[in-house]
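Me: I am new to this structure and would like to go through some of its parts in turn. Please show it first.

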Amino acid sequence: MQHTLQLTLAPEIALDDENFRRHIIQKLRLREGDEPFIRKTRQSIDARSRQVKINVQAEVYIGETPPALTGSPIAYQDVSQRPQALIVGCGPAGMFAALRLIELGIKPILFERGKDVRARRRDLAAINKDHFVNPESNYCFGEGGAGTYSDGKLYTRSNKRGDIRRVLEIFVKHGASEQILIDTHPHIGTNKLPVVVSEMRESILKAGGEIHFDAKVTNLIIQDNQIKGVVTNDNTEHTGIGVIVATGHSARDIYELLHENNILIESKSFAMGVRIEHPQNTIDKIQYHCETDRGPYLPAASYSLVTQTRYKGVQRGVFSFCMCPGGFIVPAATASGEVVVNGMSPSRRDSPYANSGMVVTIEEADLAPYKDFGPMAGLQLQKELEQAACKLAGATQTAPAQLAADFVKSKTSAQLRDTSYQPGLQSVDLYEVLPAHIAFPLRDALSGFGRKMRGYLSGDAQLIGVESRTSSPVRIPRERETCEHPQVKGLFPCGEGAGYAGGIMSAAMDGERCAEQLVKLYAAV
């Protein structure tokens, strides 16, 4: 016998395994001897009213074996002797493209400029402790991409881009918790992702694929408007039936390489600003309407904010980005002489801090001073902002910061608060870092958010700069149906760096799609 239940429960019932089981048994009037199998299949938090509730969908099986929560495991075939395709970049787009190629009978060869996920940790420690940035191995570059050492958020609105459930199940089959199949806003956590990434690597290698680390692509092999392969930093030429470029949003040299080879690239919209950090308890009180703390059952609270402002007659969007409850702010620079910040959270989200990007849309008029840079005008604006942040904060990885309330009042902060950002903070007037078209819309938006969320502009909230890598300012164009570059046959721009994704899930789905199109067009298998 099977029951499917839709429940709205108090946190102490829904989020405690024993209490939840007892509630189901009582609700269905089961006997102890029935030995029901009970599992959740969907779970979300409703904090709109003062009494927080948990919406749960559950399945109950009595006297029968329940089906697996995931589908049949994928059997990756041996492709060691099959035609090969090249993938530039070993982030989620590149790794999922590789796994999909294997399913379709093609050998993937991945080139990653950075190190494997374990060796990469030493370079991250050097950034945090010694302020030394390795331009090839950092929070953005290395196995797993920028997402590996981030919150591992797996929520996306890109329902039309691919099979979300399939991608989640692939993560589960490589070590992620089945909880990501249940939560409405799933995440893996920065402490869990490296293990998952390592297992995905092993699947690729066991199937006969190749992954080359410390292998930076320095040139392209193009004949008669068709890409034949790539050249790596050891001057080795590699050829294949097609090339998927999945380098992430910070591989500026790839855009420069394409531009130098007269391969079409375009500017695209993006946003920049700061990170805002609060004590997690402050956000919990606001979101859960609690007087002291959230209690033992509720997870660290998150938020999402968006508004429209006007600056010099131009409407600008200001919004929160990549909110990390119970998380940390990390240095995400990819070169010396720049300061970039990003957010991450462990799987338990148990840090005493909450942080979120707070960014302003960049309009076409903002790029007018950089018109000589053509499609890379946004990159130049991005660079200048990051370099200004570094210079004003002391020319290390120390980040410029200001209390949020002081920023709204145009007042330099006499003293900053404790922070999760390990390299440290320097009190700076952020109006000296941020251009006016970012600073003034940000100020107006923060004032509005403070009215909307009472306590958001408390004295413990501080702004830390700069959050400049929300997405790439450049798009590598491609045909809508085939995902192929309109000018160079066999070249498949993919993922976040190419301008077609905005996070782990959308990048993974885009990687699968590009792999499928490459096989459809160029593989006679």
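Predicted model: local features only at pLDDT ≥ 70, side-chain atom pairs only at ≥ 80, totals over all residues.

Me: Which residue just after H3 takes a positive phi?
Reply: H3 consists of residues 92-103. Just after this helix, a phi of about 90° is found, and the residue that takes it is Gly 105.

Me: What covers the buried residues of helix H5?
Reply: H5 spans residues 164-173, and its buried residues are Val 167, Leu 168, Glu 169, Ile 170, Phe 171 and Val 172. The cover over these residues includes helix H13 (504-522), helix H6 (193-206) and H3.

Me: Which residue has a side-chain oxygen that reaches the backbone nitrogen of Arg 165 at the start of H5?
Reply: H5 runs over residues 164-173, and it is followed by Gly 175, with a positive phi near 115°. At the start of the helix, the side-chain oxygen comes to within 3.2 Å of the backbone nitrogen of Arg 165, and it belongs to Asp 163.

Me: Which residue in E9 is the bridge partner of Gly 229?
Reply: Strand E8 (residues 226-232) pairs with E9 in the antiparallel sense over 3 bridges. In E9, the bridge partner of Gly 229 is Thr 239.

Me: How many bridges join E12 to strand E20?
Reply: Strand E12 (residues 271-279) is mostly covered, with 8 of its 9 residues buried. It pairs with strand E17 (residues 353-361) in the antiparallel sense over 9 bridges, and Arg 275 stands opposite Gly 357 there. E12 also runs antiparallel to E20 (residues 462-467), where Gln 462 is the bridge partner of Glu 277. The number of bridges that join E12 to E20 is 5.

Me: Is Pro 325 buried or exposed?
Reply: Pro 325 lies in the loop between strand E14 (314-324) and strand E15 (328-331). Leaving aside neighbours within four places in sequence, Pro 325 is in contact with residues including Gln 280, Ala 300, Ser 345 and Tyr 353. Its C-alpha is separated by 9.6 Å from that of His 278, 47 residues apart along the chain. At 1% relative accessibility, Pro 325 counts as buried.

Me: How many disulfides does the count come to?
Reply: A disulfide needs two cysteine sulfur atoms within 2.5 Å. For Cys 322, which is partly exposed at 24% relative accessibility, the closest cysteine sulfur is that of Cys 324, 4.1 Å away and therefore too far for a bond. For Cys 514, which is buried with a relative accessible area of 0%, the closest cysteine sulfur is in Cys 494, and 3.7 Å is again too far for a bond. The count of disulfides comes to 0.

Technical notes: Residues numbered from 1 in each chain as written. Heavy atoms only, no water. Helix = DSSP H or I, 4+ residues; strand = E, 2+ residues; numbered from the N terminus. Expected span 1.5 Å × (residues − 1). Buried < 20%, exposed > 50% of the residue type's maximum accessible area, 1.4 Å probe, protein only. Pairing = 2+ DSSP bridges. Contact = heavy atoms within 4.5 Å. Polar contact = N/O pair within 3.5 Å; in protein donor to acceptor, adjacent residues only side chain to side chain.
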